[in-house]
Amino acid sequence: MVLLSFRIGLLVLLWVFVLLALRSLRKDTQAAASVRDVSGGVVGAGSSAKSAKASSKRSRGPATQVVVMDGPLAGSYLDISSSTEVTLGRSQKCSFPLGDDYASARHARLFRRGNDWLVEDLDSRNGTFVDGYRIDQAEVVEPGTDIKIGRTTVRLKP
């Protein structure tokens, strides 16, 4: 009788775990189903007031600076108007050292392609996030877009 109760309890626990996993998958697919519109805002199933606010802070014009908005070196910036590539990370050998212990030595790379700036993660441990979404390939970033590297948030400014 005790063994039967234990088996039923284990079965119920297993089904609770399966249902929680399915719920988590559903939330992830809804977030991934959101589509970026032309202005860079997020539209679709995963959109929220926060993403609408993020799209409103976007500014037009070519990016000329990378500014640290939040993190150990908040307020510091780098002029990128004449650059074609900028590496960001903890190492002093980077073109823009961040001084963040949670950033990899060479964490991310910003590079220009035509008039656009793109950011790519350089196989960092903690990942690179663009407007809250972890990137796994080069992603176009417009002025006003938040790029999170470790505990540091940088933004392109015109």
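What share of the 158 residues of the protein count as buried? The figure is 30%, where buried means under 20% relative accessible area, exposed over 50% and partly exposed in between, with a 1.4 Å probe and protein chains only. This is a predicted model, in which local features need pLDDT of at least 70 and side-chain atom pairs count only at pLDDT 80 or more, while totals for chains, interfaces and linings use all residues. Residues are numbered from 1 along each chain as its sequence is written, and side-chain values use heavy atoms, with hydrogens and water left out.

**Overall make-up**

- The protein has two helices and 13 strands; helices (H or I, at least four residues) and strands (E, at least two) are DSSP runs, numbered from the N terminus.
- Among contacts (heavy atoms within 4.5 Å) between residues at least 6 apart in sequence, 41% join residues at least 24 apart.

**Strand E5 and its partners**

- Strand E5 covers residues 85–89, and because four of its five residues are buried, E5 is largely enclosed by the rest of the structure.
- E5 pairs with E7 in the antiparallel sense over four bridges; two strands pair if DSSP finds at least two bridges between them.
- Within this pairing, Val-86 has Leu-110 in E7 as its bridge partner.
- E5 also runs parallel to strand E6 (residues 96–97), joined to it by two bridges.
- Here Gly-89 stands opposite Pro-97 in E6.

- Six bridges link strand E7 (residues 108–113) to strand E8 (residues 116–121) in the antiparallel sense.
- Ala-108 stands opposite Asp-121 in E8.
- Two residues lie between the strands of this hairpin, and Gly-114 takes a positive phi near 70°.

**From E8 to E11**

- E8 is joined by three bridges to strand E11 (residues 139–141), and the two run antiparallel.
- Leu-118 stands opposite Val-140 in E11.

**Aromatic rings**

- Arg-109 lies over the face of Phe-111, at 4.0 Å from the ring centre; a charge sits over a ring if NZ of Lys or CZ of Arg is within 6 Å of the ring centre and within 35 degrees of the ring normal.
- The structure holds zero aromatic pairs, a pair being rings of Phe, Tyr and Trp (its six-membered ring) whose centres lie within 6.5 Å, with planes under 30 degrees apart counted as stacked, over 60 as edge-to-face and the rest as tilted.
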